[in-house]
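I opened this notebook to record what I looked up in the structure and in which order. The entries follow below.

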Amino acid sequence: MTDTRIEQRAPRIGESAPRPDGIPKVDGSFTFSSDLWHDRMLWGGTLRSPHPSARIRSIDIGPAVAVAGVYAVLTATDVPGNPDYGLEHVDQPVLATDVVRYEGEPVAIVAADHPEAVRLALDAIVVDYELTAPLVDPGKAESSDPIHPDGNLIRRIHLSHGDQDVVGEVVVEGTYEVGMQDQAFLGPESGLAVPAEDGGVDLFIATQWLHGDRDQVAACLGIEPDLVRLTLAGVGGAFGAREDLSLHVHLCLLALYTRRPVKMVYSREESFHGHVHRHPARMWYRHHADRAGNLVRVEARLLLDGGAYASSSSAVIANATCFAAGPYRIPSADIEGVVVRTNNPPCGAMRGFGAVQTCIGHEAQMDRLATALGTDPVELRMQNVLAPGDRLLTGQVITGTAPVAEVLGTCADHPSAATLPSDPMSLPGGAGRTTDPEHVRRGEAVALGFKNLLFSEGFDDYSSAICRLEDGIATVTCACAEVGQGFVTLAQQITREVLGVDDVVLAPASTATVGSAGSTSASRQTWMSGGAVQAACEEVRTTLLTRIAAEHGVDPDELVLADGRVMSLACGLEIDLAEATAEPVESEVEFHHAPTSALDENGQGDAHVSFAFSAHRAIVDVDRDLGLVKVVELTTSQDVGRVLNPLQAVGQLEGGAAQGVGLAVMEEVQVLDGRIRNASFTDYLVPTALDMPPVEIAALVEEPEPGAPFGAKGIGESPSITSTAAVVAAIRAATDLDLTHVPVRPTDIALAEA
Amino acid sequence: MTIARTVDDACAALAERPDALLLAGGTDLMVGVNRGQVRFDDVVVLDRVDELRGWRREGDELVLGAGLTYAEMVRGEIPTLVPALAQAARTVGSPQIRNAGTLGGNVATSSPAGDTLPVLTALDATIDLRSSQDTRQLPISRFVTGVKQNALEPGELIEAVRVPVLDGPQEFLKVGTRNAMVISVVSLALVVDRSGRNVRVGLGTVSPVPLRAVEAEAHVGGCIDWDTGSVPDTADVDRFAALVAGAARPIDDHRGTAAYRSHAVGVLARRALLRAFPGSAP
């Protein structure tokens, strides 16, 4: 038998690199944060407000303390440091003091030696609530009494751009509503806090930003940040829901109080109350165009419901406002974006971050405009697309890449593989056997959208990385939170590419070993932490080659690192890298992106670093009588700068589209009088394999972005921005209905006035 | 906890502790436990009781063991003998749930959204009940008494469900907001008995207990041309659908509105009838 094994080189940039955690996640051996264990650990639990709005008259913990096995029952008075925390505004109590502002707000925490003792203790805490009328209508927030000392207005942005007196020859107007979406990650909030002998605490936690958490936790504990050490535990998805603190401070309080390790895991229902959601939106738009189809002005009023606490609402409304009209050339705009406080569940970061809601609005408007002009909707878009050198509504000129026309054109022109359904299971209604082929109407539509990459509005954002090369093995240390986006493969690919090594070790992500990597959000980690790793590796390479050049009396410029060797291009010098790095070379860098500026009083300014564009085409089958939808096919093109890991890129595009399909046809946290009615995966539905069509990738448009490592743009958010708008538009095309509420519910179709 | 091996074991354990919960597939019970809604001190485990498993034919009747799983209802001869039951079982949950969940459990949970209940209602199924003292039989219509309430007495368990083998087509249709793995928003079972020359319709999720659409049944029974297997007059199909919709007593909840449910059950009725009588005027 011949040995046909080929020595495989580990993947570099542009090559598919399988995830090290891929198979363990499939076979169940991956250690998630909920699997953490310590032999001496206690279990923690949280008592939550059953009311969306109430005053707390008193809390009696006595009966809970008396429960056998209970080690701690803590309330707001036990928080030694800052009583409040928050990502942008410090306005959310660690534990409620005198009032509760949303259903599920934490009121007390318990540690006990068994989960059942935790439950009994939580049941035994007596809270005397005086109910107050909840503020649940965001439209009434500004005119209502403040429900928080910081007031009910979280942020208002009035963007005014260009000539304000322009009126179009053709004007279309529309009002749209987007429901509250949940990130629906599979691994609920969980972590383990271990008290340390130095008076500090080690927290093992699934999160998106270790250092951001650390600083907030330390402030609430009233201890120095370096006494709070966070290490990333196995993350079961994030999508924005882990950008805010949840059980972090609670775990540390309990661990420091009991001097025992404490573990906490939220139930699914608790998770729905324990993290922020995508903001529900009410949007009014008026688009003006000339008869030739050129956009001349857009007006919009955007109202987002921030819920009880600010979270990242200020940044979400900025995105919604800046990208309100989509990736089109528009000389005049008047956009008001408002986000308010209510007694509804708090809202914050979720994949797409404000651009998802407005994409639903501006793309519905573009279709209306096409109808009013009697023109093809793709043609109308193509006629107005942004290009490099154009101005955004913020006045900012696009200096980077913007292959919008190519993204739109490749997607719209891609041949469809969709056939008429033959298997009854693939008809609307699926396994329910509701629908026969003659009940189906097919619709098709295209949506185009964009969003900023990285943090905006003058935030000095950076990531830190350490690269150490020793005995020919590179070790990379970075606190970037791997939440599924693929940094674990990328850090290795970048290191191999720069240093020409195969063996790359990625050290655990921790606040104890390296500076901040920033948040895993805003499509930023490939650029920021990838950039930091690249820069650290390049410094190591320079240092090493300079050293070797000096040792051998050659010019450093003629030396290269490749295939585990240092080689000279000029002479025959060749040294094994392991030998060359017996004495290690190490470098630590802080990588900053180009500075941005704040928005001025007219919403104008160079507030953003870079932009990414995407398009989706959806084909849907609709059962008009029952209002049931089957998404038959999704086709997409995306502006990616450069593909670094093709396998992972496909995964991001498919996963993001699945969340988009969910928002289009089923995903909505239903809130009635401030209470969530469907806090479970029985009733908060996400797409199954029978709901999610194949995703056809028409084009990954590769125009390298200046300033980005290897020219790569972040790709995580775009797929969820345009997919929803495309699916909803296709349902409109199939039904001839306006369908202004997203998700589109069966009743919206079946009981619509014809 | 008692792990029963025979029905007698289980009944004896129940006689001793009448408040014990019965655990078969656990697909309802454990959801309640995990959500903190169900607590119990005693449980009698039924999934190793061979007598409760499987099914047998007795003349024109099938005796379906209470431990028959949804996966088993979809396999073998059941799809031919009681097609609507197999169709309903296929709509339940995921493959894992269908492997674990049982017919007896679905009946005992007595949820308005229980997927097999409209089928059993349309078939006039009989529930065989057993305790250490006694056996008795109740028609499904008297067994389910309210939302998640039934006539099961303390110390009693469901041994089997009896359904007739009918000569005629059967249809089960279920609306959910997702194409699989979804709780019913509204469902309908229609069974045809050619020899009895009648059509029976069971409705799910449109009232506290599963309903028979008796007026609609009576109406359509008189309009069918049994020789051609059709409903010749379109007006009769319309009337049938309207009567079914009118029989529904739905509520608004987070899964759907009453108005939508009434509308949808009428649509399902029309479609089921036209599938069962394909020669009909549409």
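Entry 1. I began with the interface and looked for salt bridges; the rule finds six of them across the interface of chain B and chain A. I bear in mind throughout that this is a predicted model. I then looked up one pair by name: the side chains of B:Arg275 and A:Asp436 meet in a salt bridge, at 3.0 Å from N to O.

Entry 2. I next asked how many residue pairs are in polar contact between chain B and chain A. The count is 21, with both residues of each pair at pLDDT 80 or more.

Entry 3. I turned to the elements of chain B that supply this side of the interface. I noted that α5 (83-90), β11 (170-175) and α12 (258-276) of chain B each contribute at least two residues to the side that touches chain A. The largest share, eight residues, comes from α12(B). By residue class, I recorded 12 nonpolar, eight polar and 10 charged residues on the side of chain B that touches chain A.

Entry 4. I looked up the extent of the contact. It takes 30 residues from chain B and 40 residues from chain A. The two chains bury about 2800 Å² between them, and 50% of that area is on carbon and sulfur atoms. I then asked which residues of chain B lose the most area to chain A. They are B:Arg178, B:Asn179 and B:Arg271, which together account for 28% of what that side buries.

Entry 5. I stayed with α12 of chain B and selected B:Leu274, which lies in this helix. Is B:Leu274 buried or partly exposed? Its relative accessible area is 23%; because buried requires under 20%, B:Leu274 is classed as partly exposed.

Entry 6. I moved to helix α1 of chain B, residues 7-16, and listed its buried residues: B:Val7, B:Ala10, B:Cys11, B:Ala13 and B:Leu14. They cover an arc of only 160° around the axis, so they lie on the same side of α1(B). On the other side of α1(B), I found B:Asp8 and B:Glu16 exposed.

Entry 7. Finally, I asked what covers the buried residues of α1(B). The cover includes five strands of chain B, namely β1 (2-3), β2 (21-23), β3 (43-45), β6 (126-130) and β10 (157-164).

Methods:
Residues numbered from 1 in each chain as written. Chains lettered and ligands numbered in written order. Predicted model: local features only at pLDDT ≥ 70, side-chain atom pairs only at ≥ 80, totals over all residues. Heavy atoms only, no water. Contact = heavy atoms within 4.5 Å. Buried area = accessible area lost by both parts, 1.4 Å probe. Salt bridge = Lys/Arg side-chain N within 4 Å of Asp/Glu carboxyl O. Polar contact = N/O pair within 3.5 Å; in protein donor to acceptor, adjacent residues only side chain to side chain. Helix = DSSP H or I, 4+ residues; strand = E, 2+ residues; numbered from the N terminus. Nonpolar A, V, L, I, M, F, W, Y, C, P; charged D, E, K, R; others polar. Buried < 20%, exposed > 50% of the residue type's maximum accessible area, 1.4 Å probe, protein only. Arc of directions from axis to C-beta.
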